[in-house]
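Please look at the model before reading on.

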Amino acid sequence: MQKVLLVDDEKRMLDLVALYLRPHRYLCKKAMGAYEALARLEEEQFDIILLDIMMPDMDGWDLCREIRKFSDVPIIMLTAREQQEDIIKGLNLGADDYITKPFNEEELLARMKALLRRRTPKNTIEVEGLSWDEDRFELTYDKHSIRLTPKEFLMVGHLMKNADKVFTREQLIQLIWGFDSETEGRTIDSHVRNVREKIRQSGFPIDNYFITVWGIGYKWVSERE
């Protein structure tokens, strides 16, 4: 689930955008204005920001400039203004895209998906701040490293790549240890316990994603249970 920061000084607009995005597996956090948005960005990581321009305390252009001092998170600017110079100004300040209000909801969703696809490498999987990076052989949560053994890392990655698919212990042994391995099912259970504990200590809600399917095996769910 991708995490979105919605920034606007109108509560009604924040509620409407959040209402539309939630069914599409976006976790929406709201900020009433620029200063509240900056405070949220100090506390947590976001995958994308939807940023209104016309706000009284600090406009969206200035907020975009401030965000770009410390983050390259994708930003889509939302505004009723549609002059060409406004679009160019926003893009020059570091915004990634621009859409005018009232906007088409399907267009907004398509633009968000396109930005997120370009941002996430194919060999990286991200779920609510948890990032599995195959190229770096690294698992992180909110950019803090989680130390896993090579087998534990491969297990987590395989499950995340195949979200919602149940794997038996025997299938996991074959996939991770190989067909000729003499590893037993209880070894898988031990690895699962270790993985859950290590990730749990990082603060990530692992028990909502890494699920035991009793009598069968394990799976990674695409949405929190």
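On a 1 Å grid over the protein atoms alone, a cavity is a set of points where a 1.4 Å probe fits but cannot get out, and lining residues have an atom within 4 Å of a point. Grid points are joined across faces, edges and corners, and a volume is the space filled by probe spheres set on the points. The model is predicted: local features need pLDDT of at least 70 and side-chain atom pairs pLDDT 80 or more, while totals for chains, interfaces and linings use all residues. Residues are numbered from 1 along each chain as its sequence is written, and side-chain values use heavy atoms, without hydrogens or water.

**Cavities.** The whole structure holds two cavities of 30 Å³ or more. Strand 1 (2-8), helix 1 (11-21) and strand 3 (48-52) each give at least two of the lining residues. Helices (H or I, at least four residues) and strands (E, at least two) are DSSP runs, numbered from the N terminus. By class, the lining has seven nonpolar, no polar and two charged residues. Here Ala, Val, Leu, Ile, Met, Phe, Trp, Tyr, Cys and Pro count as nonpolar, Asp, Glu, Lys and Arg as charged, and the others, Gly among them, as polar.

**Cores.** A nonpolar core is a set of buried Ala, Val, Leu, Ile, Met, Phe, Trp, Tyr and Cys residues joined through side-chain atoms within 4.5 Å. Buried means under 20% relative accessible area, exposed over 50%, partly exposed in between (1.4 Å probe, protein chains only). The largest core has 29 residues; Leu130, Leu139, Ile199, Phe204, Phe210 and Trp220 have the most contacts inside it. Helix 6 supplies the largest share of this core, five residues. A second, separate core has 23 residues, including Val7, Leu63, Val73 and Met77.

A disulfide is a pair of cysteine sulfur atoms within 2.5 Å. The count is zero. For Cys28, the nearest cysteine sulfur is that of Cys64, 19 Å away.

| Residue | Relative accessibility | Class |
|---|---|---|
| Cys28 | 10% | buried |
| Cys64 | 0% | buried |
| Arg118 | 62% | exposed |

Arg118 sits in helix 5 (residues 105-119). Arg118 and Arg65 lie 53 residues apart in sequence and 22 Å apart in space, C-alpha to C-alpha.

Key: 1 Å grid on protein atoms, 1.4 Å probe; cavity = no way out; pocket = protein on both sides within 12 Å on 5 of 7 lines; lining within 4 Å.
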